[in-house]
Amino acid sequence: MIKTLSQRLLGPVTLVLLVLTFWLGLWVTPPDKIQGNLARMLYVHPAIAWVALYVSFGTAAIASALYLWQRTRSVVMDRVAYCAMEVSTVFIILTLITGSIWGRPTWGVWWAWDARLTSTAILGLFELAYLALRRANDDPELRARRCAVFAIIAAINVPIIHFSVDWWNTLHQGATVFTENGNLLVHGIMLWTLFISLFAFTLLFFWLLRARYRVEVLRAARYDVALDEALAQRRREGVR
Amino acid sequence: MDGTSPVVVLRDAVVLIGGFPLLSGVNLALDPGTLTVVTGANGAGKTSLLRLLGGLVTLTSGAGVVSGIDLKTGDLRELRRRVGWLGHEGSFYDDLSVRENLTFAAKALGRPTEEIPRVLERVGLTSRTTTVAKLLSAGQRRRLGLAWLLLRRPETWLLDEPYASLDDEGRTFFDDLIAEVVRGGATVVVSAHDPLRSTSLRPRTLTLAGGLVVGDHS
Amino acid sequence: MIRVALLVAGKDLRIERRSRVLLWQVLPFGVTALVLCGLALGPLHAGNSSAAPGLFYLVMLLVALLMINRAQVIEGSPGTKASVATLGLDPAGVFLGKALALAVELWLTGVVVLAGSVLFLHTALSGTLSAVPSVIVTLAALAAAGTLYGALSGGGQGPATLLPMLSLPAFAPLLIAGERSFSDALHGGSLWRWWVISLVALAAYLAIGILLYGVLEES
């Protein structure tokens with residue numbers, strides 16, 4: 001019952017929190033002393049990046065690892081990995097777009113070879129490659145295995161990409177929320193709005209993941225029906 | 001597994017690849033030390049059946065045991081070690097010579113390379129030792145594939161259309177060799193378009209159509 | 001595992017020596033690509049560009065893609081695949097062997113392309129020579145990664161076009177690390193952090209390959 005209730009409430013709660021985030025971010029919080037109204041990106045970009053780089057990609061990587069682990073191998077893990085990766089790709093693209101919008105006034109260009117932007121783009125390319133690999137293999141088991149291995153390789157690449165690009169070039173503004181010592185840089189209503197946005201976009205990810213998973217289950221059911229028909233037709237060839 | 005229990009048991013075996021049922025419910029039992037010929041039209045499922053018996057494709061549904069190994073839950077790598085495969089396309093590296101191919105196989109299996117000359121003599125390729133595989137004729141390529149198998153001496157021989165594009169001499173050679181292998185206790189499964197013409201062999205002949213066994217003649 | 005690795009590497013290198021694909025197709029391609037890079041830089045920059053180390057690695061990435069495809073084609077025919085599968089070779093050994101053979105081929109090509117960069121892009125000979133150890137490590141990492149991606153892309157639809165899509169994002173940090181260490185070797189900078197990237201990538205890909213190559217082979 002609790003499960004059903006939480007499933008039913010996920011969508012409305014996500015919607016309410018997103019509306020609250022936009023209301024607080026656009027009307028209630030003050031503009032920044034230096035960045036002015038542009039600082040309102042603080043309530044969108046970090047939350048989207050958090051979901052793209054950690055929540056969704058992490059979900060896909062963990063589900064892939066669980067698929068490869070013999071004891072936890074199941075079609076559910078494969079589907080969760082695929083759906084999370086697809087949603088993650090959308091969030092990565094949004095991260096790059098919002099990052100570009102935020103960086104344009106500072107850098108003077110829409111794209112700069114900044115470390116975080118570049119490493120996010122490379123991770124996005126990994127995710128596009130995952131989706132390409134997914135579509136290149138028709139056999140469900142072969143596809144699941146290959147995609148799981150690829151997701152693990154991508155996950156292991158994350159720190160390698162991070163350090164290589166970070167050492168290569170960094171233009172990104174310093175930490176926005178915490179100093180290096182862990183002290184808060186954002187206070188009051190701005191901080192609360194930031195936390196609400198993080199929570200809202202995290203819930204949005206899980207809501208999208210659930211919706212995408214349902215579509216995948218329906219697609220799998222349709223595939224099973226098609227298989228039964230193909231099997232029956234094949235058997236008729238033998239009887240004839 | 002004792003010497004009389006079947007070496008192959010399949011029950012309602014279904015193999016799907018890319019959503020297409022290659023085998024649609026095969027029921028089969030094969031005894032050890034026997035010769036079985038699988039016939040049928042193109043696309044009937046002959047090669048797929050052989051590949052299933054060799055652990056080269058996975059069993060989608062149904063049940064199957066080959067050489068004591070469960071096709072669904074068992075170690076397919078171990079099963080593959082126990083079978084020998086001869087494909088009609090060629091079963092070796094085209095850019096290596098006859099000897100180099102056999103040396104690779106022998107070393108991979110941990111067999112002494114001293115056996116190679118004897119095997120080459122048995123298949124009649126002694127004069128082609130240094131010839132690169134891609135320069136061999138269809139019959140010679142088939143003999144090289146057999147040499148690879150003779151070096152291995154597997155429990156189960158899976159020969160996929162070995163008679164294709166062979167002349168009478170080649171067919172007779174194959175018949176003799178298969179008879180020798182079966183007498184030695186191995187189980188041999190051969191796929192072929194038509195029943196064997198040989199009068200010396202007395203195989204069990206299975207007919208496949210639509211991924212099913214539709215005929216069984218001993 | 002090591003015995004199988006040496007056996008597979010020896011077989012792949014013997015096939016390469018016999019077919020001469022590396023000599024007559026890949027090496028000329030590498031030199032051609034380097035000359036085209038010089039043309040793309042224009043007459044003012046072709047001979048004195050700081051882009052030379054990056055272009056060297058870009059050419060090596062393209063060469064690697066060709067070689068990875070080639071390594072897959074060797075095993076590609078259905079009959080060969082089935083027969084080799086029935087040999088029951090240790091997949092970790094097969095991975096190491098194929099990666100070793102690919103590394104040797106990339107090292108040989110690297111020597112020629114490095115000589116080409118001295119000749120066409122005017123990189124200093126002493127700096128180029130001091131970059132050789134880092135080139136060896138980076139190309140080895142490229143070979144290990146490439147062997148995995150070759151297995152991932154093989155067998156599906158459009159393997160030759162899928163391979164660059166899968167592998168190039170993973171090659172990005174290797175390109176960065178290789179380019180930086182080559183530049184540092186030319187200009188006397190500190191090398192250690194770029195060595196760390198290449199070495200960590202090499203170790204990571206070797207570990208993944210040893211652990212997971214069997215999963216790919218099974219499929």
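Two residues are in contact if their C-beta atoms, placed from the backbone, lie within 7 Å. The model is predicted; local features need pLDDT of at least 70 and side-chain atom pairs pLDDT 80 or more, while totals for chains, interfaces and linings use all residues. Residues are numbered from 1 along each chain as its sequence is written, with chains lettered from A in the order in which they are written.

**Exercise 1.** Determine how many residues of chain B are in contact with chain C, and which element of chain B supplies the largest share.

*Solution.* Step 1: 24 residues of chain B contact 18 residues of chain C. Step 2: at least two residues each come from helix H2 (76-82), strand E6 (83-86) and helix H3 (98-109) of chain B, these being DSSP runs (helices H or I, at least four residues; strands E, at least two) numbered from the N terminus. Step 3: H3(B) gives the largest share, 6 residues. Step 4: by class, the side of chain B that touches chain C has 12 nonpolar, 5 polar and 7 charged residues. Here Ala, Val, Leu, Ile, Met, Phe, Trp, Tyr, Cys and Pro count as nonpolar, Asp, Glu, Lys and Arg as charged, and the others, Gly among them, as polar.

**Exercise 2.** State which residues of H2(C) and H5(C) meet, and how the residues of this contact divide by class.

*Solution.* Step 1: H2(C) spans residues 21-41 and H5(C) residues 91-120. Step 2: residues of H2(C) including Leu22(C), Gly30(C) and Gly38(C) meet residues of H5(C) including Glu105(C), Val112(C) and Phe120(C). Step 3: the contact divides into 10 nonpolar, 5 polar and 1 charged.

**Exercise 3.** List the residues that Ala151(A) touches beyond four places away in sequence.

*Solution.* Ala151(A) touches Ala60(A), Ala61(A), Ser64(A), Ala81(A), Met85(A) and Tyr130(A).

Key. Axes are lines fitted to C-alpha atoms, for helices over the stretch in contact, and angles run from 0 to 180 degrees between N-to-C directions.
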